[in-house]
Amino acid sequence: MNIHPKPLIACRECDLLQREIPLSPGETSCCSRCGATLYRCSPDSLDRTLALVLAASLLFIIANVYPILSIEIQGDRNATNLYGAVSALWDQDMRSVSFLVFVTTILVPAIELSMMIFILLPLRQQRVPAGIPLLLRILQSIKPWGMVEVFMLGILVSLVKLTDSSSVIPGVALWSFGGLTLMLAAVATSFNPRDVWAHIKTDNAQGAVK
Amino acid sequence: MNRTGVSAGSMGLCSCHACGLVSRAESIFGTAHCPRCDARIHIRKPDSVRRCWALLIAAYILYLPANLLTIMETGSLVNYRKDTIMSGVVHLWKTGSWAISAIVFIASIIVPLFKLIALTLLLVSVKRRSTWWPNQRTRLYRMVELVGRWSMLDIYVVTILAALVQIHSLATVRAGSGAIAFGAVVVLTMFAAQEFDPRLIWDPLTKESEL
């Protein structure tokens, strides 16, 4: 049965059945019919991702603790951090919107970062932690709901809206949100789940079609 | 680029949506599971078109209150104003912040409208088993997935302003009920885009090549 040495791959977007081809580092293979990216070859992507994830986690903590912006109107000052903003909306009886903001800017990024550390740190020590398939599946399904970069743009728009009525003082968290946006973008481009899957043996080998 | 070709589905093969492993979709009566990662596998997302329509219609209905109701109330000693999404954009434009006004206009007006129209177009074309421009339709789907999240912009702006501008009687900002409807439109269209299976675009082509 196993005449061809290379495994089959089906395009996620058009389902065209193709055979994998070997790539050299930095190359990407694309579907021959619809042009979607099939897979990339990026050696040491896991180490690089781990470094970026650790940096992003640090920035994430700073971004959540310190105030994002503070304003001053006629001597009165007010500042808010991210959680303060979420709870202010909750107190205004905008619970569904407040919940949506909490999930997309705090909960999902926090889960994403901690799961990645949990997966990547043991892999670096050549251990495969239990439950990786489940974690990777959760990571994949929550990924669209982390919206730190949109929130960053939201901060900038708010900044412009406020400057004509009051004096605005950017807080520490504003800069860390900027850094976090860049770090998360770098994590998204360097993380290659295929490399993690390569560590997982298929128990039921006959199920996979060669 | 060749338009036709053998799809995994037509060979009875199924690629896992989580790990990408291609396996034979066994157990027709029960649910099939991926041999590597144990995720449920389907040749096509189950009930994709119907679920996508349901979410899309709900989004269309909520699109009206999202645009007509107040999204933000601003009060200060000298004036009081209620803003819908569009009046917020116009206000920004009039006060001279053209760039920001354009960004908000694209993120809050153009993007949701584009998503609704694009998904409708994709669903209708799939229903009619159209073989028309599959590459461009796949690209359209990719764009819908890519830009969808940016509509959350207005929700975040309202959140930050409502928390920050709370200076006794001098100035207050409150979120309006339009924000709930608008948030719901964004969430519903994101779910609709996830339910849609782009492989359905290519299925009619595969069938034709077999004949």
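Of the 210 residues of chain A, 31% count as buried, a residue being buried if 20 or more other C-beta atoms, placed from the backbone, lie within 10 Å of its own, exposed if 12 or fewer do, and partly exposed in between. This is a predicted model, in which local features need pLDDT of at least 70 and side-chain atom pairs count only at pLDDT 80 or more, while totals for chains, interfaces and linings use all residues. Residues are numbered from 1 along each chain as its sequence is written, and chains are lettered from A and ligands numbered from 1 in the order in which they are written.

**Overall form of chain A**

- Chain A holds seven helices and seven strands, where helices (H or I, at least four residues) and strands (E, at least two) are DSSP runs numbered from the N terminus; read from that terminus, the order of elements is β-β-β-β-α-β-β-α-α-α-α-β-α-α.
- Because its radius of gyration is 22 Å, well over the 17 Å that the globule rule gives for 210 residues, chain A is more spread out than a compact globule; the radius is taken over C-alpha atoms, and the rule is 2.2 Å times the number of residues to the power 0.38.
- The C-alpha trace of chain A spans about 80 × 40 × 35 Å along its principal axes.
- Among contacts in chain A between residues at least 6 apart in sequence, 61% join residues at least 24 apart, two residues being in contact if their C-beta atoms, placed from the backbone, lie within 7 Å.

**Domains**

- Chain A is divided into domain 1 (1–41) and domain 2 (44–202), with bounds that come from an automatic or database domain assignment, and the C-alpha centres of these two domains lie 32 Å apart.
- Chain B is divided into domain 1 (7–43) and domain 2 (46–210), and 33 Å separate the centres of the two, taken over C-alpha atoms.

**Sheets**

- In chain A, three strands form an open sheet in the order E6-E5-E7 with antiparallel pairing, two strands being paired if DSSP finds at least two bridges between them.
- The edges of this sheet in chain A are strand E6 (76–80) and strand E7 (167–170), each of which pairs on one side only.
- Strand E5 (residues 69–73) of chain A pairs with E6(A) in the antiparallel sense over five bridges, and Leu69(A) has Thr80(A) as its bridge partner in E6(A).
- In chain B, an open sheet of four strands has the order E6-E5-E8-E7, again with antiparallel pairing; E6 and strand E7 (166–167) of chain B stand at the edges with a single partner strand each, so one side of each is left without a neighbour in the sheet.
- Strand E5 (residues 72–76) of chain B is joined to strand E6 (residues 80–83) of chain B by four bridges, and E5(B) and E6(B) form a hairpin with three residues between them.

**Contact between the chains**

- The contact takes 55 residues from chain A and 58 residues from chain B, and H5(A) gives the most to the side of chain A that touches chain B, with nine residues.
- By class, this side of chain A has 32 nonpolar, 14 polar and nine charged residues, with Ala, Val, Leu, Ile, Met, Phe, Trp, Tyr, Cys and Pro counted as nonpolar, Asp, Glu, Lys and Arg as charged, and the others, Gly among them, as polar.

**Trp175(A)**

- Trp175(A) lies in helix H6 (residues 172–190) of chain A and is partly exposed, with 15 other C-beta atoms within 10 Å.
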